[in-house]
Amino acid sequence: MALELLALRGLGLGDLLTAVPALRALRQAFPGHRVTLAAPRALEPLLPLIGAVDGQVHVAGPGPVPVDELPYERPDIAVNLHGKGPQSIEALRATRPGRLISYGTGPMWRDGVHEVRRWCELLEWHGIPADPADLTLGISDRSGPAIVHPGASFPARRWPPERFAQVAAALEDVVVTGNEQEVPIARRVAELAALPPDRVLAGRTGLADLIDLIGRARLVVCGDTGVAHLATAFCVPSVVLFGPVSPALWGPPPGWRHVALWAGENGDPHGERPHPGLLKIEVSEVVEAALEVTS
């Protein structure tokens, strides 16, 4: 009978990508276990690239975990890669694991820690070596276009489309990406940058398409969002604009031809208008950084 490991990360694209080193560390530490990831179903195209997950159950948020969908009665090990709150801990306890690895039951949660390192530190506290640099899903051949991605999940992290348009106009071979809700923003950027309509890919790319696109891209310019983490994962040169959250917490690793721009001001990442610090980033800074990382 197979040994079972359940890992909870019921969050979005960037969140899963920051947990890649921890998931790979679990695979190495427990090679005889079948690893099931509890995460949003939409992220399934990433799992073969991570190479550390055998199956998935859909969970959006801290739980509950649908125990009736698990391919076993109870996991031998449950790992909370979601957060420190009681909901995620109780969601895993409800699966009756033989062993629970989590903040709140082991090490203390430390503020001011980069998200990648946070989950590696959790495992290391439990004697499981983890390498925060183990983020790569592939290496872009840079044969594709430059990607301008103006959207973000909250307005506080959205640099104005007028500024993204000026950046797009200064670059060559540009496409504008986004999800279905971000189509109006993407079209606005393309219109102001005098790009033809077929350069707007927003609303036309599922996650698998986006992975393929970024896996060939020569540049990504975006805000603090999941696309930035995809650029890191495929070693694509990137310029990432940070507003209310420091890149020390969510930014790309140093080097690797990534530039994180930040005015040094913290604030509410869920705010309803662009953060003042984000607005301090000038178009000229972004264009200069883009040219630098692609030179």
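**From one residue pair to the whole chain**

Start with alanine 7, which sits opposite valine 79 of strand β4. Keep in mind as you look that this is a predicted model. The surrounding strands are β1, spanning residues 3-8, and β4, spanning residues 77-80; they run parallel and are joined by four bridges.

Now step back to see the sheet they belong to. It is an open sheet of five strands, in the order β3-β2-β1-β4-β5, and the pairing is parallel. At its edges are β3 (55-58) and β5 (99-101), each of which pairs on one side only. If you compare neighbouring strands of this sheet, they are turned by 20° against each other on average, with direction ignored.

Helices come next. Helix α2, made of residues 20-29, lies across β1, β2 (33-39) and β4, and it runs at about 160° to β2. Helix α4, residues 86-93, also packs on the sheet, where it touches β1, β4 and β5. The direction of α4 makes about 165° with that of β4.

Along the principal axes, the C-alpha atoms fill a box of roughly 60 × 35 × 30 Å.

How much of the chain is buried? Buried residues account for 55% of the 295. As for the accessible surface, it comes to about 12800 Å², and 53% of that belongs to carbon and sulfur atoms.

How values were computed:
Residues are numbered from 1 along each chain as its sequence is written. This is a predicted model: local features need pLDDT of at least 70, side-chain atom pairs count only at pLDDT 80 or more; totals for chains, interfaces and linings use all residues. Side-chain values use heavy atoms; hydrogens and water are left out. Two strands pair if DSSP finds at least two bridges between them. Helices (H or I, at least four residues) and strands (E, at least two) are DSSP runs, numbered from the N terminus. Axes are lines fitted to C-alpha atoms, for helices over the stretch in contact, and angles run from 0 to 180 degrees between N-to-C directions. Contact means heavy atoms within 4.5 Å. Buried means under 20% relative accessible area, exposed over 50%, partly exposed in between (1.4 Å probe, protein chains only). Accessible areas come from the Shrake-Rupley method with a 1.4 Å probe; for residues, only the protein chains shown count as cover.
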